Amino acid sequence: MEALAVGLLGVVILAAWLVPKWRLRRAISRPLPPEHVAILARNVMQYSGMDDLQRQQLARMVQHFLHQKKFVGCAGLELTDEMRVTIAGQACLLLLGRVGSHEKPVSYPTLEMVLVYPGAFLAPRKQIDASGVVTEERQDLLGESWGDGRVILSWDHVRRGDTADAPGHNVVLHEFAHQLDSESGNTNGAPYLGSSERYRSWSEVLSRDYANLRHDAMWGKQGVLDHYGATNPAEFFAVATESFFEQPHQLAARHPALYDEFLKYYRIDPRQWQSAPPAPVEEPPQYGVVYGQWR
């Protein structure tokens, strides 16, 4: 009798291990519904420039993401397929070059839940000044990435982020770049790279461009990288990721070494999905008051 009980327990444990894997394989093997494909084509700007193999791979990764991650509507938001597929598609874009077409999709293994607010949301914050005085306040946020398996997003800004009206700004790419950053054990702008040589090159290039962005932000000089990236190295990595996928030609032209580091990390070149923008027209210099030279 005892042997039978042990055997039944073994069967239960084996089933608990095998059934989720079987369900995942079944979910991935199914083609993405046509209405979901239409959402990707509509809301993932890069989709139209992909080849058939990349589109198929993205579809499999979206299936994997939707199967494994829980979506929660907050502040009364009723979630729709449009929201889920849009967020999944943009999040999986960061992983597209990191898995081959025949490999098992990998989608943020530590992430469990995506919380979606209708718009910007308030988050409690504690500020400590130089004298040690703690001030509690609430801050408007468009998104947050947590190390406990959560990403929080504003749907209003997800919807607006992948349009021509907001070039280089995409809250999904930004927050999921933080998720990748944390894979190294720390969210510090240096994701897992695999070798000490890669870290040396990464550190040299990103430290230099981060310092340059801080200088530009101080003097109000705007370039392809948003000044929010000057906040700290983690935000620099997230902001640069947005530009890499949203404005690849401009980033490659103005920050070639940085673009090369991201090519090696993301293992894909987003320039193949977009036509190069026309060269800016250089206007002749405008002279105001001209002072004579002191002689």
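**A tour of the four-stranded sheet**

Start with the open sheet, whose 4 strands lie in the order β1-β2-β6-β5 with mixed pairing. The edges are held by β1 (70–73) and β5 (143–145); each has a single partner strand, so one side of each has no neighbour in the sheet. Ignoring direction, neighbouring strands of this sheet are turned against each other by 15° on average. The model on screen is a predicted one.

Next, select residues 113–117 and 150–154. These are strands β2 and β6, which pair in the parallel sense over 5 bridges. Two pairs can be picked out here: Val114 stands opposite Val151 in β6, and Val116 stands opposite Leu153 in β6. Colour β6 by accessibility, and 4 of its 5 residues come out as buried, so the strand is mostly covered.

Glu144 is found opposite Ile152 in β6. Follow the chain through the hairpin of β5 and β6, which has 4 residues between the strands; there, Gly149 takes a positive phi near 95°.

Last, select Glu175, which has its place in helix α6 (residues 171–181). Is Glu175 buried or exposed? Its relative accessibility is 7%, and because buried means under 20%, Glu175 counts as buried. Show its surroundings, leaving aside neighbours within four places in sequence: Glu175 is in contact with Gly143, Glu144 and Ser145, and also with Val151, Ile152 and Leu153.

Notes
Residues are numbered from 1 along each chain as its sequence is written. This is a predicted model: local features need pLDDT of at least 70, side-chain atom pairs count only at pLDDT 80 or more; totals for chains, interfaces and linings use all residues. Side-chain values use heavy atoms; hydrogens and water are left out. Two strands pair if DSSP finds at least two bridges between them. Axes are lines fitted to C-alpha atoms, for helices over the stretch in contact, and angles run from 0 to 180 degrees between N-to-C directions. Buried means under 20% relative accessible area, exposed over 50%, partly exposed in between (1.4 Å probe, protein chains only). Contact means heavy atoms within 4.5 Å.
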